[in-house]
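Open the model in your viewer and keep the selection panel at hand. The stops below say what to select next and what is there.

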Amino acid sequence: LARRMLGRDYLDDIKGTSASILELKEMVKRISSSTSTVLITGETGTGKELFAKAIHYSGSRSQAPFVSINCASVPDTLFESELFGYEEGAFTGAKKGGKPGKFELAQGGTIFLDEIGEMPIHLQAKLLRVLQEYAIERVGGIRTIPVDVRVIAATNKNLEEMMAKNKFRKDLYYRLNIIPMNIPPLRQRPDDIEILSGHFLDKYNLKINRRINSFSSDVMSLFKQYDWPGNVRELENVVEYAVNMESGNSIGLSSLPKHFTAEAALSGIEMKSKVKSIELGAIKAALDKYGWDTKGKTQAAGELGISLRTLYRKIDTFHDELKDYDLKSSC
């Protein structure tokens, strides 16, 4: 009912049919009505906040507030008052009557602490105390305020490495990490790229009032080969740009952002370079093993699964890299 009132279903907004996404959606259903803290990890742009909202709006707290705070965007000097609020006169400029913090605003619902790895170390102890006692004190206040709030935290940082460097408290990590949830990067779920692309195409057709039907085969092939360092967010941005630029019924390569096609081309060059390096290494290893004379090359070709003629052609292709080794064949 609450989701219908809100006009959307955040669980349904999580698009994809890959095994990892289906497993995570089932996990959301199982934990949605729990009160346990959740720690969502994953690269930038994977959709961590979307999963947090899906957990909240799928559960028993769905009619209560979902309050989000990005720990990376709050100045250190304001962090404590943002989280816990302040009383009148707590500091210069404090509002008359004081102000409730995010925990009070989320009463009965969920607070989402995005980029938790950016939280100042001195405030981590205070957050731990809230998680242990389910109570807060406003800045400048003396009374304890009970809070009924579920905490979901998210980060794209490696908190284990931060703990080793004493940049994140171990006790807070273990208190947050009751239910760990890792969102895979888009490059690990290539089967979802076409589904997500279609979803964003529909979204921006509606938003921009366009009637584009599809992506060209060249565009979709490029999408599936690209590494997507910015993940789902980057894909959405590329599709939104293309919908704005495309004048026909199908999005073509010319409608994609120039910086994207340049990066995709560079990525392809880097991939070819890696493949070339691997191939060169295999040829060198096989020839070192069997010898660089005609007999050795015949045996090496057999091990590599190619014809002797193909091996000679590849040796010619890698002439500069193998010129020092070629001396061996004439010895």
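A residue is called partly exposed here when its relative accessible area lies between the buried limit, under 20%, and the exposed limit, over 50%. Keep in mind that this is a predicted model.

**Stop 1**

Select Glu 133. Its relative accessible area is 47%, so Glu 133 is partly exposed. Why can they face each other? Both sit in helix H7, four residues apart, which means a separation of about one helical turn.

**Stop 2: pairs across the sequence**

Now select Glu 87 and Arg 143. They are joined by a salt bridge, and the closest N and O atoms are 3.7 Å apart. Glu 87 belongs to the loop between helix H5 (76-84) and helix H6 (102-105), and Arg 143 to the loop between strand E4 (135-136) and strand E5 (145-146), so the bridge ties together parts 56 residues apart in sequence. Buried or partly exposed: which is Glu 87? Glu 87 is buried, at 18% relative accessible area. Arg 143 is partly exposed, at 47%.

With Glu 87 and Arg 143, they are linked in a network of salt bridges.

Move to Glu 118 and Lys 157. Their side chains meet in a salt bridge at 2.8 Å, N to O. Glu 118 is in the loop between strand E3 (110-114) and helix H7 (121-133), while Lys 157 is in the loop between strand E6 (150-155) and helix H8 (159-164); the two are 39 residues apart. Glu 118 is partly exposed at 33%. Lys 157 is partly exposed too, at 36%. How many salt bridges does the model hold? The count comes to 16.

**Stop 3: a loop residue**

Stay with Glu 118 and show Ala 72. Ala 72 touches Glu 115 and Glu 118, leaving out residues up to four places away in sequence. Ala 72 lies in the loop between strand E2 (66-70) and H5. With a relative accessible area of 49%, Ala 72 is partly exposed. Draw a C-alpha to C-alpha distance from Ala 72 to Ser 247: the two are 39 Å apart in space and 175 residues apart in sequence.

**Stop 4: the sheet**

Switch to cartoon. Find the open sheet of five strands, ordered E2-E3-E6-E1-E7, with parallel pairing. Which strands stand at the edges? They are E2 and strand E7 (179-182); each has a single partner strand, so one side of each is left without a neighbour in the sheet. From one strand to the next, the twist averages 20°.

Zoom in on strand E1 (residues 38-41). E1 pairs with E6 in the parallel sense over four bridges. Pick Ile 40: its bridge partner in E6 is Ala 154.

**Stop 5: a helix on the sheet**

Select helix H4 (residues 48-57). H4 packs on the sheet and touches E1, E2, E3, E6 and E7. The direction of H4 makes about 160° with that of E2. Seven of the ten residues of H4 are buried. Lys 48, Phe 51 and His 56 are among them.

The axes of H3 and H4 come within 8 Å and cross at roughly 40°. The crossing is right-handed. Show side chains for the contact: Ile 21, Leu 24, Val 28 and Ile 31 from H3, with Phe 51, Ala 54 and Ile 55 from H4.

**Stop 6: the nonpolar cores**

Finish inside. The largest nonpolar core has 32 residues. Leu 83, Phe 103, Leu 113, Ile 116 and Phe 168 have the most contacts within this core. E2, H5, E3, H7, E6, H8 and helix H9 (170-176) each supply at least two of its residues. Which element gives the most? H7 does, with five residues.

Center on Ile 116. Beyond its neighbours within four places in sequence, Ile 116 is in contact with several residues, including Leu 39, Cys 71, Leu 127, Ala 153 and Phe 168.

Methods:
Residues are numbered from 1 along each chain as its sequence is written. This is a predicted model: local features need pLDDT of at least 70, side-chain atom pairs count only at pLDDT 80 or more; totals for chains, interfaces and linings use all residues. Side-chain values use heavy atoms; hydrogens and water are left out. A salt bridge is a side-chain nitrogen of Lys or Arg within 4 Å of a carboxyl oxygen of Asp or Glu. Buried means under 20% relative accessible area, exposed over 50%, partly exposed in between (1.4 Å probe, protein chains only). Contact means heavy atoms within 4.5 Å. A nonpolar core is a set of buried Ala, Val, Leu, Ile, Met, Phe, Trp, Tyr and Cys residues joined through side-chain atoms within 4.5 Å. Two strands pair if DSSP finds at least two bridges between them. Axes are lines fitted to C-alpha atoms, for helices over the stretch in contact, and angles run from 0 to 180 degrees between N-to-C directions. A crossing is left-handed if the near helix is turned anticlockwise from the far one by less than a right angle, and right-handed if clockwise.
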